[in-house]
Amino acid sequence: MSTEFAQKLQTYADLIVKVGLNIQPGQRLVLGNIMNFGVNIQTAPLVREIAKAAYKVGARFVNVMWGDEELQLIRLQHAPRDSFAEYPTWQVSGTVEYLEREDALLGIVGNDPDLLKGQDPELVGMMQQTATGYFQPILSYTSRMAVNWSVAAAAVPSWAAKVFPDLAPEEQMSSLWEAIFAACRVNQADPIAAWQEHIDQLVARGDYLNHKRYTALNYRAPGTDLTVGLPTAHRWQGSGRVTSENGIAFTPNMPTEEVFSLPHKEQTEGVVTASKPLDYGGTLIEDFSLTFAGGRVVQVAARKGEALLRKLVESDEGAGRLGEVALVPHSSPIAHSALLFYNTLFDENAASHLALGQAYKLSLVGSEGMADDEFAAAGGNQSMIHVDFMIGSAAMAVDGVTDDGALEPIMRSGEWAFDL
């Protein structure tokens, strides 16, 4: 490890702790499971730096739930076919113990996008659905922003090889790390100040849209003609600044380039075509489209992964409805890199996107303490899943629909169409 790389890795860890999580003195930090497995053991160099950074700002204890994604593949290849309803519930209960104490949660993504390629889609879907069901106690905390939590990424060899297939193996990892550092503003002269400026811009975009009070969004692009209704009390936010129920301002995703809100669960009509592949639990779903009527997916099509996509939207009653709308300019640093990361954390911040499944309650004004049935009556979707997929491109146009049905430009050619 070169001195320069070690310094960048330390800076990145500091950003995750100070900007992403905003760890407070006395808080504990758990690096927990992301659905199917714990923190990938190959990400250990970054995890160790995060632990150091957390203790430096006053963390009381840092605990890591380690995992090995290869065990998923081994399971699919060798486990009894009737065993895929099994799940390590201790990981969930252990994580929930931290969340109940208002401690912080961090997920580290770094995985092989092709890990489960060629495996039985029925078994993959069953494994995903089981994990999603058991994950609900954790999702109940993160979806309502009960505590400060975040998700960041670390380079691993299999992911680096997928993103940079034409480079020599020794160059693939360094190139992916540099792409991660660039996307997370590690290379800026003052990374924390750069993040604060960026967050301020996202907040200002959200304030503009909140002032407009559009009733719906209309999306147009090749293969896309979609109208997404918005609840009356919807609230736009820049995801760079979210305040948890325990009063801590944090950044849920690093990187982040989005301004997001929630759609009305019954008011999506038309067809939308994804602009990037979706990596869902180690399986790529490619060249896919969804057709909506009355807010629900009524038709799916995909060149690859269609069976898994169908199983995904049938996971529960709300899985085939939208839970998030997010706007991202095509000129974002991640889009500007011209890289396809095969990783939702990065690819969703290169393009405007939607999410199937659970809506965030904080995206609805007055939702604090709101019961689930009240949230649903106001238009909020509820589901075991929350899966983002990318739809934006340089050809995307987005209009806001006013009370009288007029269209006002929000995006043109994938870029913001209004000045602040």
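Leaving aside its neighbours within four places in sequence, with which residues is Leu46 in contact? Contact here means heavy atoms within 4.5 Å. By that criterion, Leu46 touches Leu9, Tyr12, Ala13, Ile16, Ile108, Ala153, Ala154 and Trp177.

The model is a predicted one, in which local features need pLDDT of at least 70 and side-chain atom pairs count only at pLDDT 80 or more, while totals for chains, interfaces and linings use all residues. Residues are numbered from 1 along each chain as its sequence is written, and side-chain values use heavy atoms, with hydrogens and water left out.

Leu46 belongs to the largest nonpolar core, which has 76 residues; Tyr12, Leu29, Leu46 and Ile108 touch the most other members. A nonpolar core is a set of buried Ala, Val, Leu, Ile, Met, Phe, Trp, Tyr and Cys residues joined through side-chain atoms within 4.5 Å. Buried means under 20% relative accessible area, exposed means over 50%, and partly exposed lies in between (1.4 Å probe, protein chains only). Helix α1 gives the most to this core, with eight residues. Helices (H or I, at least four residues) and strands (E, at least two) are DSSP runs, numbered from the N terminus. A second, separate core of 51 residues includes Leu308, Val313, Val387 and Trp416.

Helix α8 (residues 169-183) comes next. Its 15 residues reach 22 Å from the first C-alpha to the last, close to the 21 Å expected at 1.5 Å a residue; the expected span is 1.5 Å times one less than the number of residues. The buried residues of α8 are Gln172, Leu176, Trp177, Ala179, Ile180, Phe181 and Ala183. An α-helix has 3.6 residues a turn, so residues three or four places apart point the same way. The elements that cover the buried residues of α8 include α1 (3-21), α2 (44-56), β6 (149-153), α7 (157-163), α11 (333-336) and α12 (344-347). After the helix comes Arg185, whose phi is positive, near 65 degrees.

Aromatic rings provide another view of the fold. The structure holds 13 aromatic pairs. Rings of Phe, Tyr and Trp (its six-membered ring) pair if their centres lie within 6.5 Å; planes under 30 degrees apart count as stacked, over 60 as edge-to-face and the rest as tilted. Tyr87 and Tyr134 form a stacked pair, with 5.2 Å from centre to centre and 5 degrees between the planes. This pair links distant parts of the chain, since Tyr87 lies in the loop between α3 (70-78) and α4 (89-100) and Tyr134 lies in helix α5 (residues 121-134), 47 residues apart. Tyr87 is buried, with a relative accessible area of 12%, whereas Tyr134 is partly exposed at 36%. Elsewhere, ring pairs link Phe5, Tyr12, Trp177 and Phe181 into a cluster.

Charged side chains also meet rings. A charge sits over a ring if NZ of Lys or CZ of Arg is within 6 Å of the ring centre and within 35 degrees of the ring normal. The charged end of Lys162 sits over the ring of Tyr342, 4.8 Å from its centre. Arg185 lies over the face of Trp195, at 5.5 Å from the ring centre.

The strands can now be considered. Two strands pair if DSSP finds at least two bridges between them. Five strands form an open sheet in the order β9-β12-β17-β18-β19, with antiparallel pairing. Because β9 (237-238) and β19 (386-390) stand at the edges, each with a single partner strand, one side of each is left without a neighbour in the sheet. Within this sheet, β17 (residues 322-327) and β18 (residues 353-357) pair over four bridges, and Leu322 has Leu356 in β18 as its bridge partner.

Strands β20 (residues 397-401) and β21 (residues 407-412) are antiparallel and share four bridges; five residues lie between them, and Gly405 in the turn has a positive phi of about 90 degrees. Two bridges join β21 to β22 (residues 415-416), and this hairpin has two residues between its strands, with Ser413 in the turn showing a positive phi of about 50 degrees.

Lys265 is located in the loop between β12 (259-261) and β13 (268-273). This lysine is buried, with a relative accessible area of 16%. Not counting residues up to four places away in sequence, Lys265 touches Gly294, Gly295, Arg321, Ala376, Gly379, Gly380 and Asn381.
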